[in-house]
Amino acid sequence: MPLIIITGVPSSGKTTRALQLKQFFEEQGKEVHIISEYAQICKAGFEKNPFYMDSNKEKHIRGLLKSEMLRLITPSNVVILDALNYIKGYRYELFCGTKANKNTQCTVHTEINREQAWKFNESRENEEEKYCRETFDALIMRYEDPDGKNRWDSPLFTIYPETDLDISQIYSNLFEKGPPKPNQSTQNLPLSSTNFLYDLDRITKSITDRLVEAKHNGVIGEVQIFGCSEVIDLSPEVNVKQLMMLRRQYITYSKIHTPDVDKIADLFVQYLRTSLKK
């Protein structure tokens with residue numbers, strides 16, 4: 001489900017734009033979900049102004065919003081995240097979530113003159129929805145503007161109160177272009193078998209134990225590892241601490257670049273031969 005991140009300072013028209021986007025995409029036959037920050041604040045029983053002055057409560061709600069986005073996201077429909085989304089790092093986390101799930105996203109920035117935003121805030125009929133001046137000013141100070149040069153904010157659509165959204169271009173970016181390719185930081189680790197991690201630990205430990213035993217017995221030179229075609233040359237400079245470190249490095253590497261289980265021993269021996277020569 002493509003993600004539309006709405007971001008903007010308080011009272012800049014985020015919810016209005018979210019509803020416009022929802023109407024448009026529903027007219028295109030898409031299922032649309034709006035995830036509302038304010039709705040989550042109310043559901044948690046928090047009051048709006050004290051909430052934004054408590055970083056722990058904010059962190060809790062941001063976690064809920066992200067979890068809800070990841071739960072709803074699929075390739076065919078639309079999720080709209082209607083929230084301040086004022087932290088650059090948080091927008092990056094959302095980007096990683098959509099990338100890992102092979103979905104597209106865009107950012108809609110509701111830009112506005114700050115005094116005009118305050119006037120809009122003051123004109124709200126519901127007192128509970130209004131920001132007090134202290135909270136309003138604090139959020140303005142904290143706000144980190146999106147930048148289209150950042151991949152997590154791109155493509156970026158900046159909209160002012162008096163202008164119209166380029167909805168057709170948003171649609172094109174979400175449904176006519178492919179998602180960014182997942183990389184190692186956003187992909188789930190591939191496992192070639194359900195016992196892969198157990199086998200990886202067992203096999204590398206067995207080989208390392210054989211080498212440590214040889215060192216304790218004063219062996220210098222080639223050591224044959226049972227079941228492996230290659231031998232390891234134990235020079236006097238090789239020590240137990242170094243062998244343990246290389247084993248940990250190989251395990252970390254193998255969790256990302258998963259080999260077949262029947263190749264673990266040979267590949268680990270090759271890794272040790274290469275590393276011990278350096």
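**Salt bridges, sheet and cores**

Arg133 is partly exposed, its relative accessible area being 33%; this value, like the others below, was computed from a predicted model. The residue forms a salt bridge with Glu115, and the closest N and O atoms of the two are 3.5 Å apart. This pair links distant parts of the chain, since Glu115 belongs to helix α6 and Arg133 to helix α7, 18 residues apart. Glu115 also counts as partly exposed, at 44% relative accessibility.

A search of the whole structure finds 14 salt bridges. Side chains of opposite charge can pair when their charged atoms come close. One of the bridges joins Arg71 to Glu68, with 2.7 Å between the closest N and O atoms. Both residues lie in helix α4, three residues apart, which is about one turn of the helix. Arg71 is exposed because its relative accessible area of 56% is over the 50% cut-off, while Glu68 is partly exposed at 24%. Within helix α9 (residues 196–216), Lys205 and Asp209 are four residues apart, again about one turn. They form a salt bridge in which the closest N and O atoms are 2.9 Å apart. Here Lys205 is partly exposed at 42% relative accessibility, and Asp209 is partly exposed with a relative accessible area of 34%. Salt bridges with shared partners also join Glu58, Arg62 and Arg142 into one network.

Turning to the sheet, five strands are arranged in the order β2-β3-β1-β4-β5, forming an open sheet with parallel pairing. Strands β2 (32–36) and β5 (156–159) are at the edges, each pairing on one side only. From one strand to the next, the twist averages 20°.

Which strands pair with β3? Strand β3 (residues 78–82) pairs with β2 in the parallel sense over five bridges, and with β1, also in the parallel sense, over four bridges. Strand β3 is mostly covered, with five of its five residues buried. In a regular strand the side chains alternate between the two faces of the sheet. In β3, Val78, Ile80 and Asp82 point one way, and Val79 and Leu81 the other way.

Helix α1 (residues 14–27) lies across β1 (3–7), β2, β3, β4 (105–110) and β5, and runs at about 170° to β3. Helix α8 (residues 167–175) packs on the sheet as well, touching β1, β3, β4 and β5, with its direction making about 150° with that of β4.

The largest nonpolar core contains 26 residues, and those with the most contacts inside it are Leu3, Ile35, Tyr52, Leu65, Met69 and Leu94. Two or more residues each come from β1, α3 (48–52), α4 (55–72), β3, α5 (88–100), α6 (114–122) and α7 (133–142). Among these elements, α4 gives the most to this core, with four residues. For a closer look, Met69 is in contact with Leu3, Ile35, Val79, Leu94 and Thr98, leaving aside neighbours within four places in sequence. Another core lies apart from this one; its 23 residues include Leu200, Ile225, Cys228 and Tyr250.

Conventions:
Residues numbered from 1 in each chain as written. Predicted model: local features only at pLDDT ≥ 70, side-chain atom pairs only at ≥ 80, totals over all residues. Heavy atoms only, no water. Pairing = 2+ DSSP bridges. Axes fitted to C-alpha atoms, helices over the stretch in contact; angles between N-to-C directions. Contact = heavy atoms within 4.5 Å. Core = buried A, V, L, I, M, F, W, Y, C linked by side-chain atoms within 4.5 Å. Buried < 20%, exposed > 50% of the residue type's maximum accessible area, 1.4 Å probe, protein only. Salt bridge = Lys/Arg side-chain N within 4 Å of Asp/Glu carboxyl O.
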